[in-house]
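Here is a brisk report on one protein model. Keep the sequence and the structure in view while reading.

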Amino acid sequence: MSTASAAARRPIRGKIVRHIQGAQELAWEKLSASVQQIYAKNAASLSFEENYRHAYNLVIAKQGKMLYDGLVGLISENLDIFAKEKLVPVFPRTELDGRDSMEMCQAGELFVKAFREVWDDHESSMSKISDLVKYMDRVYTQSANVPKITEQGSKLFLTEIIHSTRYPILAQLNATILLLIRMERNGTAINRSAMKQCVNVLLTLRDTNIKAVFESTVYKLNLESEILQESDTYYTNRAKEMLDLHDLSEYLKLAESFINAEQDRTHSYLSFHTSTPLQNILISKILTPHTSRLLKGPDTVVSEATTTSTHKPNTALDLLIDTERTEDLARLLRMFQLPPEESGMRLLRQRLKESIVGRGKAINEECDEDTITSAKQSTDGKKVGEASTKSLAVQTAIKWMNDVLNLKDHFDRLLKNSWGGEVSMQTAINEAFESFINQNKRAAEFVSLFIDDHLKKGMKGKMDAEVDALIDRTISIFRFISDKDVFERYYKAHLAKRLLQSRSTDDDAERGMIGKLKVECGFAFTQKLEGMFHDIRLSGELTDSFRGFLQRVTEGDDSAITIDMHASVLTAGIWPITNTTDFGGYVMPPVIAKHISHFERFYNTRHTGRRLSWQPNYGSADIKVSFKARKHELNVTTAAMIVLLTFSDVEIGQELEYSDIKAATGLPDVELQRQLQSLACAKYKVLRKHPASRNVNTTDSFAFNYDFTAPLQRIKIQTIASKAESTEERRETEEKVEEERKLQTEACIVRVMKDRKHMSHNDLINEVTRQLASRFTPVPAAIKKRIESLIEKEYLERASDKKSYNYLA
């Protein structure tokens with residue numbers, strides 16, 4: 001019975017299988033028809049629940065592979081239709097290239113819009129299909145290890161559209177994008193929104209075999225390299241055109257506009273990842289190869305004036321600097337910061353230094369004393385005398401300082417307004433100023449003379465802020481001087497004359513300058529300068545006491561002649577006094593000699609064990625002189641007073657021979673001639689000279705000029721300027737500075753070795769150089785000689801290795 005029943009059921013089972021297969025095929029037919037309706041944009045008429053159930057039933061029925069493969073086939077078919085019907089018909093015609101730009105632009109934009117439309121349609125369709133087969137994505141794709149339908153749809157878009165074997169869609173797309181970029185670079189306005197939407201598709205599609213997100217995109221794999229290659233060619237050609245047509249300023253404006261335009265382009269519709277390589281191409285084609293030529297400018301820029309050594313090279317950079325074109329110079333810095341490895345900045349700093357040094361050398365040559373003297377001789381047609389030469393030397397120093405300060409102010413403005421205080425540019429400026437300033441061997445003397453001149457007369461009528469500003473500007477030049485010990489020697493000499501002859505107009509300015517020098521060089525540098533002020537202050541108090549002493553001494557003596565004598569007592573080791581001979585050989589008039597004797601008695605009552613050495617060549621005197629028309633009060637040097645007093649007992653009109661005056665005064669020939677020239681040949685001729693001439697000879701004779709007249713009652717008779725040194729005096733100063741340097745170097749070596757006990761030769765040289773750098777720049781060979789000297793004096797000894805030294809206590 002059971003066998004018969006089984007036999008009877010078999011036909012019924014076969015009908016059920018055929019029925020199930022027919023239901024699955026029907027479900028797929030309905031689902032596939034719905035997919036076609038989705039691609040036809042008729043999804044609104046479809047039932048989501050019904051189609052979802054069809055897909056669900058197929059997966060439940062173990063027909064997931066049939067469903068998946070069927071969907072893949074439908075998607076591929078529809079993508080092929082998209083390509084054939086929507087993209088191929090709008091391919092830009094190749095015959096348009098090079099024709100009307102507007103027609104080319106419209107054709108290109110039409111194609112990229114169509115490409116984006118195809119993508120949007122595909123994405124919209126895939127979104128709806130994905131919703132229908134969610135169960136398949138959740139169950140079948142994981143078990144079969146295949147991509148979800150959305151991911152598979154993107155892959156199919158790559159194979160059927162981007163990498164289609166039937167239609168050159170990618171090639172056309174790349175060519176169109178490059179064409180539109182080229183047109184925009186040439187000034188044609190394009191539809192950036194359409195470009196951005198198209199490029200976004202290429203950034204979305206990616207090769208899943210590559211892990212890096214951007215590196216796997218179609219944009220990176222297929223488009224970016226062509227954009228960069230096209231840009232390379234374009235900007236290579238543009239650079240050649242720009243070099244021929246534009247100067248430095250216009251060239252940099254265009255270069256910056258290109259860089260900004262490319263950055264804007266990459267952020268507007270290309271990938272921002274392209275910004276850096278694209279900028280590198282711009283820099284490598286437009287800037288890096290041409291930086292040197294740009295700074296120099298075309299050969300026609302160099303003017304004929306540049307053939308003379310006193311004029312700076314008229315390069316393109318010089319033109320921007322001379323005219324203070326702030327924006328152009330700021331752009332120059334921005335552009336030259338872009339080349340790799342600071343190649344642009346190194347070149348810019350080098351050219352800037354050359355420009356400044358060239359200007360500085362011109363200043364040095366223009367202010368060369370020999371050049372100015374010869375120029376003045378050719379102008380005046382006669383020889384320049386000692387007096388005018390020395391006065392000219394002071395004028396030269398002031399002109400040099402003013403020119404250097406003006407040049408410094410000029411570049412300080414550029415640094416602030418154009419370069420925003422950029423550190424490397426400031427360093428280049430400082431190095432250039434240091435270079436040309438120290439090429440002038442008289443720079444230290446000129447700076448001191450400039451300060452001396454302003455502290456004597458230049459501070460009158462100036463506000464405190466103006467005085468501080470002038471001091472700060474002067475210190476800014478002083479910083480560049482490497483031989484600060486030379487400056488110290490000159491400054492001490494000039495300060496001594498100002499203090500002793502009461503020529504300083506502003507004590508606050510004097511102390512302010514010393515305060516600035518202390519900040520720059522330390523306490524040791526200004527210690528003696530402050531000691532000089534201390535001596536002057538104590539001397540003022542001493543003079544007040546001496547007046548009381550003199551009044552008591554001369555009280556009751558009606559025949560006693562008293563004068564108001566102010567004696568400055570100077571500490572020998574502080575003041576720059578080289579002549580220690582008492583009175584320097586001067587023969588003092590009796591009335592002066594008597595007061596000197598009184599002062600020595602007074603001083604000895606206060607101090608024991610001290611010896612006074614009188615230095616009249618540093619003093620001055622006020623003398624009341626009766627002339628025919630009126631009395632005048634003459635302010636003269638002590639030496640000039642001695643000369644004038646030799647005429648006090650001489651009849652009016654009677655002449656004294658040069659030799660007689662010399663015997664009466666004891667002045668050496670050089671000093672006596674200077675004083676006689678000041679009294680008889682300068683502006684105020686209180687003596688008459690025979691024969692009349694500008695210079696004083698030993699055969700001349702002199703008489704008191706009783707007929708002298710002047711509008712002022714008080715007259716200051718300037719001694720022939722001795723502010724500037726003669727060549728011989730300068731040589732003596734250099735020798736003294738050199739001797740001082742030897743002592744300072746030895747002292748430094750001993751201090752270092754006493755602290756370290758043992759040092760190698762190179763370490764000792766480096767340490768001594770570092771410590772002495774604030775005063776001067778020692779030469780290693782000179783340090784080595786001082787080491788040898790100290791070894792001979794048994795302060796040091798060579799170690800056994802012969803490469804180092806030991807300190808001997």
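## Terms and overall make-up

Helices and strands here are DSSP runs, numbered from the N terminus; a helix has at least four residues and a strand at least two. The model is predicted. By that count, the protein has 30 helices and nine strands.

The protein has 809 residues, and 47% of them are buried. Among contacts with a separation of 6 or more, 70% are between residues 24 or more positions apart.

Helix H14 covers residues 326-336. Eight of its 11 residues are buried, so the rest of the structure largely encloses H14. The buried residues of H14 are Asp328, Leu329, Ala330, Arg331, Leu332, Leu333, Met335 and Phe336. That list includes Asp328 and Arg331.

A loop links H14 to helix H15 (343-366), and Glu342 is found in that loop. Glu342 is not a glycine, yet its phi is positive, near 55 degrees.

## The nonpolar cores

The largest nonpolar core has 90 residues. Ile286, Trp400, Phe433, Ile437 and Tyr491 have the most contacts inside it. Helix H17 (residues 386-417) gives the most to this core, with 11 residues. Domain 2 (216-296) and domain 3 (320-371 + 388-528) each supply at least three residues to this core. In soluble globular proteins, nonpolar side chains tend to be buried together.

What does Ile437 touch, apart from its neighbours within four places in sequence? Its contacts are Trp400, Val404, Ala443, Ile477, Phe480 and Ile481. A second core is separate and has 67 residues, including Val35, Leu87, Met126 and Leu179.

## Helix H21

Helix H21 runs over residues 484-500, 17 residues in total. At 1.5 Å a residue, H21 should span 24 Å. The C-alpha atoms at its ends are 24 Å apart, which agrees. Of the 17 residues, 14 are buried, so H21 is largely enclosed by the rest of the structure. Ser502 follows H21 and has a positive phi, near 50 degrees.

Two charges sit over rings here. Lys484 lies over the face of Phe478, 5.4 Å from the ring centre. Arg498 places its charged end over the ring of Tyr491, 5.5 Å from the centre. Tyr491 is also one of the residues with the most contacts inside the largest core.

## Aromatic pairs

How many aromatic pairs does a search of the whole structure find? The search finds 27. One of them joins Phe214 and Tyr219. Their ring centres are 6.1 Å apart, with 50 degrees between the planes, and the pair is tilted. Phe214 is buried, with a relative accessible area of 14%. Tyr219 also counts as buried, at 0% relative accessibility.

Ring pairs also build a cluster. Its members are Phe546, Phe549, Phe599, Phe602, Tyr603 and Trp614.

The peptide bond between His690 and Pro691 is cis, with omega about 0 degrees.

Phe704 lies in strand E5 (residues 701-704). Its relative accessible area is 16%; this is under 20%, so Phe704 counts as buried. Leaving out residues up to four places away in sequence, Phe704 touches Val625, Ser626, Phe627, Phe647, Val686, Leu687 and Arg688. Phe704 and Glu651 are 53 residues apart in sequence, but their C-alpha atoms are 8.6 Å apart in space.

## The loop between E8 and E9

Lys802 is found in the loop between strand E8 (796-798) and strand E9 (804-807). Its phi is near 65 degrees, a positive value in a residue other than glycine. Lys802 counts as exposed, at 63% relative accessibility.

Definitions and conventions. Residues numbered from 1 in each chain as written. Predicted model: local features only at pLDDT ≥ 70, side-chain atom pairs only at ≥ 80, totals over all residues. Heavy atoms only, no water. Expected span 1.5 Å × (residues − 1). Buried < 20%, exposed > 50% of the residue type's maximum accessible area, 1.4 Å probe, protein only. Contact = heavy atoms within 4.5 Å. Phe/Tyr/Trp six-rings, centres within 6.5 Å; stacked < 30°, edge-to-face > 60°. Lys NZ or Arg CZ within 6 Å of the ring centre and 35° of its normal. Core = buried A, V, L, I, M, F, W, Y, C linked by side-chain atoms within 4.5 Å. Domains from an automatic or database assignment.
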